[in-house]
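User: I have a protein model open and some questions about it. Can we go through them one at a time?
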Amino acid sequence: MHPEKHLILGVHITDRVHHASQVQDVLTKYGCQIKTRIGLHDVDEASCSPNGLLLLEMFGDHSVCAEAAAKLNMIEGVEVQQMLFDHA
């Protein structure tokens, strides 16, 4: 990734109980490209949401980051969207 660009991936996961392990496998494989990882899901005293959202700040070669996004998108119940900011 060019240092003047900033890539953020939004990863929406449905049915976290069934899909989280596959997502974690991809995150582990591309761990060196993930600078920041924030997980969001609804939780209260009575329940924990079956759906979740990850925000990933990516680092490194853009093609490798795109490969990670594509691998995540291939998982059933997962949708990936990206934001690319140009700081130039």
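This is a predicted model: local features need pLDDT of at least 70, side-chain atom pairs count only at pLDDT 80 or more; totals for chains, interfaces and linings use all residues.

User: What does the side chain of E57 meet in a salt bridge?

Analyst: The side chain of K35. The N to O distance in that salt bridge is 4.0 Å. In general, side chains of opposite charge can pair when their charged atoms come close.

User: And K35, buried or exposed?

Analyst: K35 counts as exposed, because its relative accessibility is 58% and exposed means over 50%.

User: How many salt bridges does a search of the whole structure find?

Analyst: Two. Besides the pair of K35 and E57, there is a salt bridge between the side chains of D86 and K5, at 3.5 Å from N to O.

User: Where are D86 and K5 in the chain?

Analyst: D86 belongs to strand 4, residues 78-86, and K5 to strand 1, residues 5-13. They are 81 residues apart, so this pair links distant parts of the chain.

User: How accessible are D86 and K5?

Analyst: D86 has a relative accessible area of 49%, which makes it partly exposed. K5 is also partly exposed, at 35%.

User: New topic. What is the secondary structure of the protein?

Analyst: There are two helices and four strands. Along the sequence they follow the pattern β-α-β-β-α-β.

User: What does the C-alpha trace span along its principal axes?

Analyst: About 45 × 25 × 20 Å.

User: How many residues does the protein have, and what percentage count as buried?

Analyst: The protein has 88 residues, and 32% of them count as buried.

User: Now pockets. What volume does the largest pocket have?

Analyst: The largest pocket has a volume of about 180 Å³. Its lining is made up of 13 residues, and I13, R16, A20, R37 and L54 lie nearest its centre.

User: Which elements give two or more residues to that lining?

Analyst: Helix 1 (16-29), strand 2 and strand 3 (52-58) do. Helix 1 gives the most, with five residues.

User: How do the lining residues divide into nonpolar, polar and charged?

Analyst: Seven are nonpolar, four are polar and two are charged.

User: Back to the surface. Which residues form a nonpolar patch there?

Analyst: I38, L40 and L53 form one, and together they have about 220 Å² of accessible area.

User: Where is L40 found, and how accessible is it?

Analyst: L40 is found in strand 2, which covers residues 34-40. L40 counts as partly exposed, because its relative accessibility is 41%.

User: Last one, D25. Where is its place, and is D25 buried or exposed?

Analyst: D25 has its place in helix 1. With a relative accessibility of 56%, D25 counts as exposed.

User: How far apart are D25 and F59 in sequence and in space?

Analyst: They are 34 residues apart in sequence, and their C-alpha atoms are 18 Å apart in space.

Definitions and conventions:
Residues are numbered from 1 along each chain as its sequence is written. Side-chain values use heavy atoms; hydrogens and water are left out. Patches are made of residues with over 30% relative accessible area and no salt bridge: like charges are joined within 9 Å, nonpolar side chains (Val, Leu, Ile, Met, Phe, Trp, Tyr) within 5 Å. Accessible areas come from the Shrake-Rupley method with a 1.4 Å probe; for residues, only the protein chains shown count as cover. Buried means under 20% relative accessible area, exposed over 50%, partly exposed in between (1.4 Å probe, protein chains only). On a 1 Å grid over the protein atoms alone, a cavity is a set of points where a 1.4 Å probe fits but cannot get out, and a pocket is an open set with protein on both sides within 12 Å along at least five of seven lines; lining residues have an atom within 4 Å of a point. Grid points are joined across faces, edges and corners, and a volume is the space filled by probe spheres set on the points. Ala, Val, Leu, Ile, Met, Phe, Trp, Tyr, Cys and Pro count as nonpolar, Asp, Glu, Lys and Arg as charged, and the others, Gly among them, as polar.
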